[in-house]
Structure formats: C-alpha cells, structure tokens
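Thanks for asking me to look this one over. Here are my notes, point by point, to read with the model open beside you.

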Amino acid sequence: MSAPAFLTLDQVHKTYTLKTMFGPTKQVKALQDISFSLQKGQALALVGESGSGKSTCGRAVAGMFQIDSGKICVEGKPIATAHTSKEKRETARKVQMVFQDPFASLNPTHTVRHHLERPLKLHKRVPADSTLEDELHRTLTDVELDPAATLEKYPHELSGGQRQRINLARALAVGAELIIADEPTSMLDVSIRRSILNLMKRLKDERGITFLYITHDLATAHYLTENTAVMFGGRIVEYGPSDQIVRDPQHAYSKLLLSSVPSAKTKIDANFEHAKDFSNFADEVRKATAASTAPLASIGEGRMMRS
Ligand SMILES: Nc1ncnc2c1ncn2[C@@H]1O[C@H](COP(=O)(O)OP(=O)(O)O)[C@@H](O)[C@H]1O
Ligand SMILES: [Mg+2]
C-alpha cells in the first residue's frame, strides 16, 4: 500500500457569480469536480491556458476562500474545518503560496531581514541550539543567495529572480511543507527561469518540499513534477505522469497545448494562412473540450482522461 497522500482534493467545485452592471448575473464555473492527490515530497503540475482555473485551484488549496462543495485535506485533515485555532495555524503554516509577481508580495519599505525575521520568530522556527542570525543565513543559503549581500537590501534593490528567491525563502522560514507556486517564473527574464525551476527542484529533492506547480508551459512541467493535470474550463481533462504526457499526450487539448509551443516560431516563419488555420483548429479543440461532460476515466497505468 502506498503512503497516505499529503494533499488530497475530492470533487472540489467552485463557481463565481459575477454581477454585471445591467445584464443578468453570470456564473463562472472555475472548478468542476477536481480530484487529485499529491504525495509528500512530490510535485504536481497544473497546466492550462489562462482562465482554465489553475489559480483558483491553488488559492483553494491555500485556504484563501471557501469552496462550494467537495473536500480538501492536508495530511488527512480538511483544511476548512480544522477545529481549534492552533490546528488551523498548523495547516496554514504548512501550506504557503508563491505568486507570479515577485515584487507584489514583498513590502517595499522593509528589508530582506525584516521579511524573514518575522516568520522565523512568529512561528518559533529557531531551534534551541541555533540563533536567529544563523537561521536567517541558513534560509538565504537554502535559496542560493549570499546572506551578507542580501540581508539588508530592500526589494527594489534586488533582481526579479532574487525577489522570487526571497519569496521562496519566506515560505521556508514559515516552515512550509507544501509550496503552491503560481506561475513563479512567468514574469522573469527567460534566461533566469530555469534557475528558479532548478532551485524548486532542489528544494523538493533535498528538503522534501511538496510542490503544486502552476504553469501554462506543459513542455517544461516534467522537469519539476512527477505528475501533470491538464486543466481546461475548470476541469481536469487529462492526468498522468508528466514525462508521458509530454511524450505522448492523449487528449486533443493537451496536444494543442504542446503544439502551440513550437508553433510560436513556426507562426513567425509561416504565412498568415497557416497561422489562421492553426487558430481555427485551436478554437475547434477548445469548443469540443468545453462541450464534453465525460468523466475522467482511466486510460492506463496512472493515466486518466475525459473523452
Ligand atoms: N475572484 C474572481 N471573481 C470572479 N471570477 C473569477 C475570480 N477569479 C477567477 N475568476 C474566473 O474564474 C476562471 C478561472 O480563473 P483562474 O483560476 O484565475 O484561471 P487561470 O489561473 O488558469 O488563468 C476565469 O474565468 C476567471 O475569470
Ligand atoms: Mg492564474
């Protein structure tokens, strides 16, 4: 029998109701019947185009709002109904989120030291045989930053990549066991994206940190993650081992996500007709995917798909 999962989602639903100024209210089904589990020390990629429900799923796991129905458990305990406040704090501590914009989540008036000292103190993360200063240094070294050169700096004095390292450091300082990384590299220079991905991989392999990695880039998800869930319209349309999904995607929408990556270059080279054909084809795939209400069904060892 396999070990109990660190994180489980069971038939999670979330619908947003939008009140438009004049017309009728509009319902957006942001999460529909989302179920998956994630083992401690492993990583799962949530992949899909903008609007597919990835961030809503991440924020639901972080307990940032109440889901409509279903269950989200961390170490077997439902996150929303942890009884005592101490229990709630424990769950909240274990699950931390890192956002797309590394600047937005840092306070511009505070130094790196302040950003890391607070969680270390608040969550009593300094062991008896260590000092606050030692823990600050250790946390920065963990995210491959030079403590002496970084501690007294303000966010604006750091590069985007360094700021994202601070956000990861802060999650570690709190004592995160699961980090939800919502497109953590998409606002960074292409040249440093890989180094942040490498860092997360190291934190997973060497520190046993569990990752929910949100990205629109199906092609690179397998670098960090064991499994991938491809999302469209609030649903998981395909799920399986990340390397298999990249090598041999089964759902038309997964194939579309993969084909749109190299096509960025072909699109520039190709004539307009080709681009138009591709765009028509993409729309047809999206329409067909949206229309299907088929359940997620097994299509082989560890793999699932909606037909
Ligand atoms: N706070 C919100 N209020 C209303 N609609 C929302 C809200 N957040 C997201 N949505 C809608 O839910 C859907 C999924 O959004 P989101 O989870 O942000 O997708 P993704 O992260 O994949 O781009 C989209 O249609 C989006 O417009
Ligand atoms: Mg998003």
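1. Let's begin just past the end of a helix. Helix 7 is followed by Gly208, a residue with a positive phi, near 70 degrees. Gly208 sits in the loop that joins helix 7 to strand 8. With a relative accessibility of 27%, Gly208 counts as partly exposed. Please keep in mind throughout that this is a predicted model.

2. Which residues does Gly208 touch, once those up to four places away in sequence are set aside? They are Lys40, Gly41 and Leu203. If you want a distance across the model, the C-alpha atoms of Gly208 and Val47 are separated by 22 Å, and these two residues are 161 apart along the chain.

3. Now step back into helix 7 itself. The helix runs over residues 190-207, and its 18 residues should span 26 Å at 1.5 Å a residue; the end C-alpha atoms are 26 Å apart, so expectation and model agree. Its buried residues are Ile196, Leu197, Leu199, Met200, Leu203 and Lys204. Because they cover an arc of only 150 degrees around the axis, they lie on the same side of helix 7.

4. What do the buried residues of helix 7 pack against? The list takes in strand 3 (43-47), helix 4 (132-142), helix 6 (160-174), strand 7 (178-182), strand 8 (210-215) and helix 8 (218-221).

5. Lys204 deserves a separate look. This lysine lies in helix 7 and counts as buried, because its relative accessibility is 6% and the cut-off for buried is under 20%. Apart from neighbours within four places in sequence, Lys204 is in contact with Gly41, Gln42, Ala43, Ile209, Phe211, Leu224 and Glu226. Gly41 is also among the residues that Gly208 touches.

6. The largest nonpolar core has 44 residues, and Ile179, Met200 and Tyr253 touch the most other members. Helix 6 gives the most to this core, with 6 residues. Met200 is also one of the buried residues of helix 7. Leaving out residues up to four places away in sequence, Ile179 touches Gln96, Val98, Leu168, Ala171, Ile209, Thr210, Phe211 and Leu212. There is also a second, separate core of 28 residues, which includes Ile34, Leu38, Ile67 and Ile79. In soluble globular proteins, nonpolar side chains tend to be buried together.

7. Helix 2 (residues 85-94) can be read in a similar way. Thr91, Arg93 and Lys94 are buried there. They cover an arc of only 160 degrees around the axis, which means that they are on the same side of helix 2. Ser85 and Arg89 are exposed on the other side. Among the elements that cover the buried residues of helix 2 are strand 4 (69-74), strand 6 (95-98), helix 6 and strand 7.

8. Is Glu177 buried or exposed? This residue, in the loop between helix 6 and strand 7, is buried, with a relative accessible area of 19%; the cut-off for buried is under 20%. Neighbours within four places in sequence aside, Glu177 is in contact with Phe6, Lys40, Glu75, Arg93, Lys94, Ile209 and Thr210.

9. Two backbone angles are worth checking by eye. Glu75, in the loop between strand 4 and strand 5 (77-78), has a phi near 50 degrees, a positive value in a residue other than glycine. At 37% relative accessibility, Glu75 counts as partly exposed. Lys124 also has a positive phi near 50 degrees, and is likewise a residue other than glycine. Lys124 is placed in the loop between helix 3 (112-122) and helix 4, and is exposed, with a relative accessible area of 71%.

10. Last, the ligand. Ligand 1 is surrounded by 13 residues, and the closest are Gly51, Gly53, Lys54, Ser55 and Thr56. In the side chain of Lys54, an N or O atom is 2.8 Å from an oxygen atom of ligand 1. A polar side-chain atom of Ser55 is also 2.8 Å from an oxygen atom of ligand 1. For Thr56, a polar side-chain atom lies 2.6 Å from an oxygen atom of ligand 1.

Terms used. Residues are numbered from 1 along each chain as its sequence is written. Chains are lettered from A and ligands numbered from 1 in the order in which they are written. This is a predicted model: local features need pLDDT of at least 70, side-chain atom pairs count only at pLDDT 80 or more; totals for chains, interfaces and linings use all residues. Side-chain values use heavy atoms; hydrogens and water are left out. Helices (H or I, at least four residues) and strands (E, at least two) are DSSP runs, numbered from the N terminus. The expected span of a helix is 1.5 Å times one less than its number of residues. Buried means under 20% relative accessible area, exposed over 50%, partly exposed in between (1.4 Å probe, protein chains only). The arc is that of the directions from the helix axis to the C-beta atoms. Contact means heavy atoms within 4.5 Å. A nonpolar core is a set of buried Ala, Val, Leu, Ile, Met, Phe, Trp, Tyr and Cys residues joined through side-chain atoms within 4.5 Å. A residue is near a molecule or strand if one of its heavy atoms lies within 4 Å of it. A polar contact is a pair of N or O atoms within 3.5 Å; within protein, one must be able to donate a hydrogen and the other to accept it, and residues adjacent in sequence count only if both atoms are side-chain atoms.
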